[in-house]
Amino acid sequence: MSGRTVITGIGVVAPNGIGADAFWKATQSGTAVLGRITREGCEHLPLRVAGEVRGFDAASMVEERFLVQTDRYTHHALAAADLALEDARLGRADYEDDPFSIGVVTAAGSGGGEFGQRELQHLWEQGPRYVGPYQSIAWFYAASTGQISIRRGLKGPCGVVAADEAGGLDAFAHATRAIRQGSRAMLVGATEAPLAPYSIVCQLGYEALSTHEDPERAYRPFTDKACGYVPAEGGAMFLVEDERSALRRGASVRAVLAGHAATFTSPHHPETAGESGEGLARAITGALRDAGCAPEEVDVVFADALGTPEADRAEAAAILSALGGHGRTVPVTAPKTGTGRAYCAAPALDTAAAVLALEHGVVPPTPNVFDVCHDLDVVTGSARPAELRTALVLSRGLMGSNAALVIRNPS
């Protein structure tokens, strides 16, 4: 297949809403939902604020036999995959004649930390006989891909991207490649659940992690008050299809995956921020080239927004370098400041927001951010109506990955 690769379904499980409609309503209004961490066992830890998915009843969305053998991050993925398929109106009957034509690819950064912690506690407190058989798979980065494919009977090419936070965008490139090689469709996306005590302790070594106790001040990128990022859970899944196949079955095309590129630089550190910026600029340039898109055609940028002074300067420099003079006037937004930065799932949620922004002709605001101190047109306060045809989504990982994704309106 050599036609366009398109998004036909979106499924979201996010701190600010479950389902694309609820997520977009909160994102467009700039609703900030960051709050004190409420998970048991986290009370004494220095990380105080995060983006929790509240009101998520896994049992109402996923069968018990899958729940008991998977971690919370996979519960999010299974639910989001269902929502994406429902949105795309693709049921099992639509592919039961050829289940090998549809596959799954996800990205994950933290894996099943909560499940793993629980089983290790059983090991040390009660002994090896009390460690469940699913410990061997539930913590693994590939668990969501495997469980989605098994539960939905999808036998096409399946994989998992372990490429730091930017893997959430790289997964789209893997899905696009599979479709160009003959697959009919792919479920693609990323979810995370990094808020268990063990997972939080692992994150405390990240210099960019914000430990500020005030939810309104803990995550304020692109300002002189920037003190790091706030983590979050949740994520998004998408049904990506060959456009001609999608149109033949009467599906509605929501957006076109037009271009992607990735680079790798030094891990995040104040002394290497400049190198990181250069790598991100190269990724932007490569994605635009892949999309056949001129810099001035970009109508909105969804920023990575790591939230440290050095990282913010590097990202601003990358946008200005890759987009030239247009970089000073194009609207830039980071809705994740209201929900938290969900590692690999952060760019997946940004991609969902970008598709919805293109559809509604509105740039969502950047919650809790005021008095921007960089030479960018960061949208703050309230949403901004705009004629949008092309969106640029950016992501950087703490360990050095960089990626850019170009999404276009299908018309």
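Does Tyr343 count as buried or exposed, and at what relative accessibility?

A: The model is a predicted one, and in it Tyr343 counts as buried, with a relative accessibility of 7%. That value can be judged against the cut-off, because buried means under 20% relative accessible area. Tyr343 forms an aromatic pair with Tyr206, and this pair is tilted, with 6.4 Å centre to centre and 55° between the planes. Two values are given here because a pair of aromatic rings is described by the distance of the centres and the angle of the planes. Tyr206 lies in the loop between helix H8 (197-203) and strand S8 (234-242), while Tyr343 lies in the loop between strand S11 (331-333) and helix H12 (345-360), so the pair ties together parts that are 137 residues apart in sequence. A search of the whole structure finds five aromatic pairs, and ring pairs also link Trp139, Phe140 and Tyr141 into a cluster.

Strand S11 leads back to another loop, the one between H11 and S11, where His326 has its place. His326 counts as partly exposed, at 21% relative accessibility. Leaving aside neighbours within four places in sequence, His326 is in contact with Pro295, Glu296 and Val298. His326 and Cys293 are 33 residues apart in sequence, and their C-alpha atoms are 13 Å apart in space.

Helix H11 (residues 309-323) can be followed next, together with helix H10 (residues 273-291): their axes come within 8 Å and cross at roughly 35°, and the crossing is right-handed. On the H10 side the contact is made by Ala273, Gly277, Leu280, Ala281, Ile284, Thr285 and Leu288, and on the H11 side the contributing residues include Ala314, Ala318 and Ala322. By class, this contact of H10 with H11 has 10 nonpolar, three polar and two charged residues. The spacing of such positions can be read with a general rule: an α-helix has 3.6 residues a turn, so residues three or four places apart point the same way.

In strand S16 (residues 401-408), eight of the eight residues are buried, so S16 is largely enclosed by the rest of the structure. In a regular strand the side chains alternate between the two faces of the sheet. For S16, Ser401, Ala403, Leu405 and Ile407 lie on one side and Asn402, Ala404, Val406 and Arg408 on the other, and both faces are covered. Strand S9 (residues 255-264) pairs with S16 in the antiparallel sense over eight bridges, with Ala261 opposite Ala404. Strand S15 (residues 390-396) also runs antiparallel to S16, joined by seven bridges, and here Ala391 stands opposite Ile407. S15 and S16 form a hairpin with four residues between them, and Gly400 in the turn has a positive phi of about 120°.

Strand S5 (residues 102-107) is likewise largely enclosed by the rest of the structure, because six of its six residues are buried. Its pairing, however, is in the parallel sense, over six bridges with strand S7 (residues 185-192) and over four bridges with strand S6 (residues 158-161).

Key: Residues numbered from 1 in each chain as written. Predicted model: local features only at pLDDT ≥ 70, side-chain atom pairs only at ≥ 80, totals over all residues. Heavy atoms only, no water. Axes fitted to C-alpha atoms, helices over the stretch in contact; angles between N-to-C directions. Helix = DSSP H or I, 4+ residues; strand = E, 2+ residues; numbered from the N terminus. Left-handed = near helix turned anticlockwise from the far one by under 90°. Contact = heavy atoms within 4.5 Å. Nonpolar A, V, L, I, M, F, W, Y, C, P; charged D, E, K, R; others polar. Buried < 20%, exposed > 50% of the residue type's maximum accessible area, 1.4 Å probe, protein only. Pairing = 2+ DSSP bridges. Phe/Tyr/Trp six-rings, centres within 6.5 Å; stacked < 30°, edge-to-face > 60°.
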